[in-house]
Amino acid sequence: MPAPIRLRELIRTIRTARTQAEEREMIQKECAAIRSSFREEDNTYRCRNVAKLLYMHMLGYPAHFGQLECLKLIASQKFTDKRIGYLGAMLLLDERQDVHLLMTNCIKNDLNHSTQYVQGLALCTLGCMGSSEMCRDLAGEVEKLLKTSNSYLRKKAALCAVHVIRKVPELMEMFLPATKNLLNEKNHGVLHTSVVLLTEMCERSPDMLAHFRKVGQLSSSQLVPQLVRILKNLIMSGYSPEHDVSGISDPFLQVRILRLLRILGRNDDDSSEAMNDILAQVATNTETSKNVGNAILYETVLTIMDIKSESGLRVLAINILGRFLLNNDKNIRYVALTSLLKTVQTDHNAVQRHRSTIVDCLKDLDVSIKRRAMELSFALVNGNNVRGMMKELLYFLDSCEPEFKADCASGIFLAAEKYAPSKRWHIDTIMRVLTTAGSYVRDDAVPNLIQLITNSVEMHAYTVQRLYKAILGDYSQQPLVQVASWCIGEYGDLLVSGQCEEEEPIQVTEDEVLDILESVLISNMSASVTRGYALTAIMKLSTRFTCTVNRIKKIVSIYGSSIDVELQQRAVEYNALFKKYDHMRPALLERMPVMEKVTTNGPAEIVQTNGETETAVLETKPPPSGLQPTNQANDLLDLLGGSDITPVIPTAPTSKPASAGGELLDLLGDLNLTGSPVSAPAPQIAQPPFLLDGLISQPLFNDIAAGIPSITAYNKNGLKIDFTFERSNTNPSVTVITIQASNSTELDMTDFVFQAAVPKTFQLQLLSPSSSVIPAFNSGTITQVIKVLNPQKQQLRMRIKLTYNHKGSAMQDLAEVNNFPPQSWQ
Amino acid sequence: MIKFFLMVNKQGQTRLSRYYEHVEINKRTILEAEVIKNCLSRSKDECSFIEYKDFKLVYRQYAALFIVVGIDQTENEMAVYELIHNFVEVLDKYFSRV
């Protein structure tokens, strides 16, 4: 068989291939040749073949059949063989292959080889792909090599030690004694790798970090002063040809040392103090004309910001960043924006000074810079500059790339919410965003906006007029159309009566309004959700408009046979409203009450005072798709973040993230699905279920079947506890018990805590009590709500524990409650 | 930490690749193709740092060759930028006429 071709020829051949298929063909042919050569166990050419294999592997072709060959090469005595063998091992082998363990012995022998280059090879390979077993076996050898005087080996051993520590953190202590002398070297290679090793140790283990920071040793052997000394030498020393990069001496080492100083100085006053001088020196002495100098300054700034530096130093750092911002070089500006973003939390005022430059960066052509500038701008908006900033940001929104629009829109909404100087300005801003970037607005913004609009009562007319004008021209942007249709539905009467004070009122007839809503319904561009909004809006207008009721009836009945299930359902219900329940229509479709301010994060919490009314702090995320009759039992119980549940069996899935609002809706949805009249929570039924409207001040559990007799559960020592029951008619396994605790003695009972436990087949949830003091002489009561889930319809039993302070002493009592009336659990 | 080091030409052919973390071999080609696409679409005066997935790319163009280094958040981008240049200078010194 002819001698296999050399690697160079192979590369040349592959390069001549003009198509991917041609290349693949060549490579397959060569692979076949290599495989047959391997089978022949040819020692002379093995190294060449493996080299070619590695090249092909790099191009992306499978090369696993070469693994064993690499091992054979490693075992050979020739240096060239070993070199390729180790390289192959690094590229082809890793922990996942079982073969790699065979290498351990070879590496061990080579670590003790007479030639330093072989030792170096072994160290490199171990440091690259050593598995934890290999590292454990060979750590001792590495540590020994870390102490030799040969700097070539020392630096490689240091890097290998880094890898060992990463794989087997427990071995870190083994390397600790060796590190003592590492920084005494002159050789920059050793210095650099030692700093890397120390950095890794400090990052991984807080004990190590404390050890290195420790005061009380001889000052010359302490780490921070040593590092400071080395850094000083680097800066002060004159030109040294072997370490020079564009006029600066070994910038890579400088950057590394600065990073290690950062880790050492973080949250530690003493170390930070020791570093202050050198940091100031570096910051002022480094030349900034070249990129190298800027790289060092960047690292210095990051370090200054992170440690507990004195304020003068911090000002210096921010000024450096400001200078960076004005630089022409894009890289530097990008880097400056990134670091400013990191520091804006802590040094807000200093960054504000550079606001105008940052805003200018919004207009830059570079995508990375624009993104950073946008994030930074949002961080800088505050009450004073909000108008100006918003103008710039809106302009940016107009002209930026689509990938930014969603983030920018959300950011603008947030900022506007926090810092809006006036309601009108706020609404104007929102309108502007909706019209320019309407289709990129996030879904959760729509309910937020609607809630905002409801709250600004005096602006209703103005808002609805502007929205109407906006969608007259163009109704393709879904969020805009959704908000607009909702508003028109709510405030349509204001629109046609032309009552707007803020703006020139426009003359709109009822028919025109219905025209536009109908066209939204018909249009192909409208999403299903949008159509739902439009249909509901039309329905609401039936009470607000006087002359066009028949037209509305017609529209609604058409959609009673729509293919879209959602629309059909609504239309059918509304039809039913027209026909059978016409007397209820005005009440149902009344104007929405003002919604409470919501928190956008966190689960929905409803604080119940006496089980009858609540003030809802609602969550704004709508559930994924309107009406889902989910598991009622769990929903009901998960509704509330029940606080004191000790020693109660905890409710099952307590970690439903932030979708408690959704379940709340599902509850209502279930109440409404049949379209049958429900007594008290009337005005809310016809509303689109994905708006959490009107849950405020509405009795949630004021259900129909309220005829269960109440019992006295406990009556002793003047403390009386009554239970009143309600059954939820949506979920027959749930019983809601309201306890009322009263005190007939002449002294108050304070720190009253009520705890309850139920048998295993039940689940219990205790809500917060109204207070913890029961006033004397029955002048007041504590109420608390308990919800019991009783899926197996067993007889309710409960053990209660009461603790309170009375007449200066702590009282405690246990009791069992067995006299539950059958209607409460059957 | 440096995640990978690539030398790719303008046509998308990989000339050198070194991965410091394990990446499946088929994913490597995809990664390289995407990376080079990102770099090619940048103009001359745009900055050399691109954010890609969860790491950053630092790239530098030398004639028809792109050298791209993928780094994570802890690394100083400008130092890596210098490193690339240093690497090229070393190659130049060692092999002459790069």
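**Salt bridges and their surroundings**

Guide: Glu143(A) and Lys147(A) form a salt bridge, with 3.2 Å between their closest N and O atoms. The term stands for a side-chain nitrogen of Lys or Arg within 4 Å of a carboxyl oxygen of Asp or Glu. This is a predicted model, in which local features need pLDDT of at least 70 and side-chain atom pairs count only at pLDDT 80 or more, while totals for chains, interfaces and linings use all residues. Residues are numbered from 1 along each chain as its sequence is written, chains are lettered from A and ligands numbered from 1 in the order in which they are written, and side-chain values use heavy atoms, with hydrogens and water left out.

Now the cover on that pair. Glu143(A) is buried at 13% relative accessibility. Lys147(A) is exposed, at 53%. Buried means under 20% relative accessible area, exposed means over 50%, and partly exposed lies in between (1.4 Å probe, protein chains only).

Next comes a salt bridge between Glu401(A) and Lys370(A), at 3.4 Å from N to O. Glu401(A) sits in the loop between helix 22 (386–399) and helix 23 (402–419) of chain A, and Lys370(A) in helix 21 (residues 367–380) of chain A, so the pair ties together parts that are 31 residues apart in sequence. Helices (H or I, at least four residues) and strands (E, at least two) are DSSP runs, numbered from the N terminus. Glu401(A) is partly exposed at 24%. Lys370(A) is buried at 9%.

Asp398(A) also has a salt-bridge partner, Arg432(A), with the closest N and O atoms 3.2 Å apart. Asp398(A) belongs to helix 22 of chain A and Arg432(A) to helix 24 (residues 423–437) of chain A, so this pair links parts that are 34 residues apart in sequence. Asp398(A) is partly exposed, with 34% relative accessibility. Arg432(A) is partly exposed as well, at 34%. Elsewhere, salt bridges with shared partners join Arg259(A), Arg262(A), Arg266(A), Glu299(A), Asp306(A) and Glu75(B) into one network. Over all chains, the count is 39 salt bridges.

Now a sheet. Chain A holds an open sheet of 5 strands in the order 5-6-7-10-9, paired antiparallel. Strand 5 (711–716) and strand 9 (763–766) of chain A are at its edges, each with a single partner strand, so one side of each has no neighbour in the sheet. Neighbouring strands here are turned by 20 degrees against each other on average, direction ignored. Axes are lines fitted to C-alpha atoms, for helices over the stretch in contact, and angles run from 0 to 180 degrees between N-to-C directions. Strand 5 of chain A pairs with strand 6 (residues 719–727) of chain A in the antiparallel sense over 5 bridges. Pairing requires at least two DSSP bridges between two strands. Opposite Lys720(A), in strand 6 of chain A, stands Asn715(A).

Last, the whole chain. Chain A has 34 helices and 12 strands. Of its 826 residues, 54% are buried. Among contacts (heavy atoms within 4.5 Å) in chain A with a separation of 6 or more, residues 24 or more positions apart account for 69%.
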